[in-house]
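Here are a few exercises to work through with the sequence and the structure side by side. Try each one before you read its solution.

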Amino acid sequence: MLDQLPPFIPVGFALTLGLLFGSFLNVVIHRVPREMSIAFPASHCPACGAPIRAFDNVPVLGWVLLRGRARCCGAPISARYPIVEAIGGAAAVAIYFQKLSGRGLPLTTALLLFALYLSLALGLIALTFIDLEFMILPDSLTLGGLGVGLLSATVRPEVSVLDAAIASASGFLLVWVPFIWGYEKLRGRPGMGLGDAKLLAASGAWFGWLGVFFVLFAAAIQGTLVALTLLLTRGGIEEPEAVQREREELAALVEQAEGEERRLLEEAIALDPIGEEPDGSWARARMPFGPFLALAMLEALLFHDELTLYFQELFLL
Ligand SMILES: [Zn+2]
């Protein structure tokens, strides 16, 4: 049994794995949106291409000892690297305390659940950073999360297979009908991306109804709070640089195209939520929603029991 081990063993194990996978997550965050392979080549300096020494690649510590500069060429290394690694380590330890310890789980069950929960947490962290930088949610992560959520429903305590299936379909429709299909009818452009719908479907597969309703509302509330804070402190919400660049490239493509091809391109851009230049006004400000869905899903993962109890009491009153 897991609980018969002295706690430092599972905590140390979780922390080590979380940090190491956090380090791998940096590779995912850099390469997946650029459509590069995540397996090859091995880690190299993004500035000069030199291979990175194993010791410099030690999570968090490597960056601290190098003081945020590459050993090869002195190029600054983004603080995002140690931050993602630390979040990975923290998530793994939180999973141990919130989901595994004190439950009388056999070791094999505990290991299986740890692997499943950690893969979800890591996928959500990757999605958050990719969406913040590029405003996209790659299918490999959203649909991958949906698949793992559905397939693992039988071995996890959160949902039955039936609940997982119904909730994931409902989650997809709950975003698609009003915010994509309906919004497009009204304003000629979808208000949310299909990636958000797929992510809420994944959330339903992992957490059932809690994953649909709690996650959508918690994400909306937390997103609104952050948007208000940004508007009050910075006077606006800036688009990520990569999105501005992509729009410029699209505009250049349209300029070069002619006739039918040009018409098709313009049509495709009109349907893309990021196609339109923001005009700086309140109502048009655009912020990725994926990070807030991901954050709410992490909350649903770690506080599943507490939230379930809270909502049961709320609705029985
Ligand atoms: Zn270098």
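**Exercise 1: the nonpolar patch**

Which helices each supply at least two residues of the nonpolar patch?

*Solution.* Keep in mind that you're working with a predicted model. Start by finding the patch: Leu162, Ile166, Trp209, Phe213, Phe217, Ile221 and Leu225 together make a nonpolar surface patch of about 740 Å². Next, sort these residues by helix, with α6 running over 161-187 and α7 over 194-234. That gives α6 and α7 as the helices that each bring in at least two residues. The top contributor is α7, with five residues. To finish, pick one of them, Leu225, which sits in α7. Leu225 has a relative accessibility of 52%, and the cut-off for exposed is over 50%, so Leu225 counts as exposed.

**Exercise 2: reading helix α5**

Work out how the buried residues of α5 are arranged around the helix, and what they pack against.

*Solution.* First check the helix length. α5 covers 139-151, and its 13 residues should span 18 Å at 1.5 Å a residue. The C-alpha atoms at its ends are 17 Å apart, which agrees.

Now list what's buried in α5: Thr142, Gly145, Leu146 and Gly149. Looking down the axis of α5, you'll find these buried residues within an arc of 100 degrees, so they line one face of the helix.

As for partners, the buried residues of α5 pack against α4, α6 and α7.

**Exercise 3: two positive phi values**

Take Glu35 and Met135: where does each lie, and is each buried or exposed?

*Solution.* Begin with the background: most residues other than glycine have a negative phi. Glu35 isn't a glycine, yet its phi is positive, at about 55 degrees. Met135 also isn't a glycine, and its phi is a positive value near 55 degrees.

Glu35 is in the loop between α1 (8-31) and α2 (61-65), while Met135 is in the loop between α4 (107-134) and α5 (139-151).

Last, check accessibility. Glu35 has a relative accessible area of 74%, so it is exposed. Met135 comes in at 15%, and buried means under 20%, so Met135 counts as buried.

Terms used: Residues are numbered from 1 along each chain as its sequence is written. This is a predicted model: local features need pLDDT of at least 70, side-chain atom pairs count only at pLDDT 80 or more; totals for chains, interfaces and linings use all residues. Side-chain values use heavy atoms; hydrogens and water are left out. Helices (H or I, at least four residues) and strands (E, at least two) are DSSP runs, numbered from the N terminus. Buried means under 20% relative accessible area, exposed over 50%, partly exposed in between (1.4 Å probe, protein chains only). The expected span of a helix is 1.5 Å times one less than its number of residues. The arc is that of the directions from the helix axis to the C-beta atoms. Contact means heavy atoms within 4.5 Å. Patches are made of residues with over 30% relative accessible area and no salt bridge: like charges are joined within 9 Å, nonpolar side chains (Val, Leu, Ile, Met, Phe, Trp, Tyr) within 5 Å. Accessible areas come from the Shrake-Rupley method with a 1.4 Å probe; for residues, only the protein chains shown count as cover. A salt bridge is a side-chain nitrogen of Lys or Arg within 4 Å of a carboxyl oxygen of Asp or Glu.
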